[in-house]
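Please look over the sequence and the model before reading on.

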Amino acid sequence: MTAPPWPDASTEIRRSHDEPERFAAVFDAHFSEIHRYVASRLGPSAAEDVVADTFLTAFRNRSRYDASRGGVRPWLYGIATNLISRQRRVELRALRAMGRQGPEPHAEGPENRVVSDVTAQGLKPALAAAIASLNDGDRDVLLLVALAGLTHEEVAASLGIPYGTVGSRLNRARKKVRAVLGDTNPMNDLTDFSRKKDQHG
């Protein structure tokens with residue numbers, strides 16, 4: 001679920017201040033997982049622009065990167081999640097459509113199949129509807145944990161919120177999803193979703 005180790009990412013960001021081309025190493029190391037996360041929330045068509053903007057924003061703001069506040073991954077996920085917030089209607093429309101109709105057929109190309117596995121095919125209709133019912137902050141925390149595999153500390157760094165807030169939002173999200181799904185453990189399907197994503201990563 002986590003990205004391959006990239007111990008020099010912070011160093012590359014620092015060096016990119018004087019040698020901008022070094023930022024390409026950060027892009028290469030993290031593009032795939034950021035793309036999977038965004039595509040799983042917005043769908044493949046909307047993901048392209050959001051992911052491009054994520055790395056462009058990171059590059060432009062690389063002088064503000066503070067390694068002491070978390071690693072490169074949480075920083076990038078935070079930027080991506082902030083950009084996703086500008087596409088709330090797209091995300092909610094996709095989730096509600098899945099909640100009503102279930103997964104849509106998808107093209108059979110390998111790349112399309114992977115994206116479909118981590119989006120429509122990965123979410124059961126009831127789970128999609130439950131996630132759509134969450135408020136924005138609770139949904140962000142739940143999906144950063146379930147889809148990105150971030151720890152509570154990393155989620156706090158990504159969203160710029162206190163550690164305790166992460167726990168309270170996650171608990172609230174779990175309770176609300178469980179209320180919609182009944183006795184089903186709300187994290188089981190999300191865990192399966194993450195594993196399916198990871199197998200294709």
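In what follows, two residues are said to touch, or to be in contact, when heavy atoms of theirs lie within 4.5 Å. The model described here is a predicted one.

## The chain as a whole

Of its 201 residues, 47% count as buried. Among the contacts between residues at least 6 apart in sequence, 67% join residues that are at least 24 apart.

## Helix α4

Helix α4 runs over residues 72–84, and its 13 residues reach 18 Å from the first C-alpha to the last, which is close to the 18 Å expected at 1.5 Å a residue. This helix is mostly covered, with 12 of its 13 residues buried; among them are Trp75, Tyr77, Ile79, Thr81 and Leu83.

## Leucine 144 in helix α8

Leucine 144 is found in helix α8, and because its relative accessibility is 0%, it counts as buried, the cut-off for that term being under 20%. Leaving aside residues up to four places away in sequence, leucine 144 touches Tyr37, Tyr77, Thr81, Gly149, Leu150, Val155, Ser158 and Leu159. Leucine 144 and threonine 81 are 63 residues apart in sequence, whereas in space they are 8.6 Å apart, C-alpha to C-alpha.

## Where α8 meets α10

The axes of helix α8 (residues 136–146) and helix α10 (residues 163–181) come within 8 Å and cross at roughly 95 degrees. Angles of 65 to 115 degrees count as roughly perpendicular, and α8 and α10 are therefore roughly perpendicular to each other. On the α8 side the contact is made by Gly137, Asp138, Val141, Leu142 and Val145, and on the α10 side by Val166, Arg169, Leu170, Arg172, Ala173 and Val177. These contact residues divide into 7 nonpolar, 1 polar and 3 charged.

## The two sides of α10

Helix α10 has 19 residues and reaches 27 Å from its first C-alpha to its last, close to the 27 Å expected at 1.5 Å a residue. Which residues of α10 are buried? They are Val166, Gly167, Leu170, Ala173, Val177 and Leu181, and because they cover an arc of only 135 degrees around the axis, they lie on the same side of α10. On the other side of the helix, Lys175 and Ala179 are exposed.

How values were computed
Residues are numbered from 1 along each chain as its sequence is written. This is a predicted model: local features need pLDDT of at least 70, side-chain atom pairs count only at pLDDT 80 or more; totals for chains, interfaces and linings use all residues. Side-chain values use heavy atoms; hydrogens and water are left out. Axes are lines fitted to C-alpha atoms, for helices over the stretch in contact, and angles run from 0 to 180 degrees between N-to-C directions. Helices (H or I, at least four residues) and strands (E, at least two) are DSSP runs, numbered from the N terminus. Angles under 35 degrees count as roughly parallel, over 145 as roughly antiparallel, 65 to 115 as roughly perpendicular and the rest as oblique. Ala, Val, Leu, Ile, Met, Phe, Trp, Tyr, Cys and Pro count as nonpolar, Asp, Glu, Lys and Arg as charged, and the others, Gly among them, as polar. The expected span of a helix is 1.5 Å times one less than its number of residues. Buried means under 20% relative accessible area, exposed over 50%, partly exposed in between (1.4 Å probe, protein chains only). The arc is that of the directions from the helix axis to the C-beta atoms.
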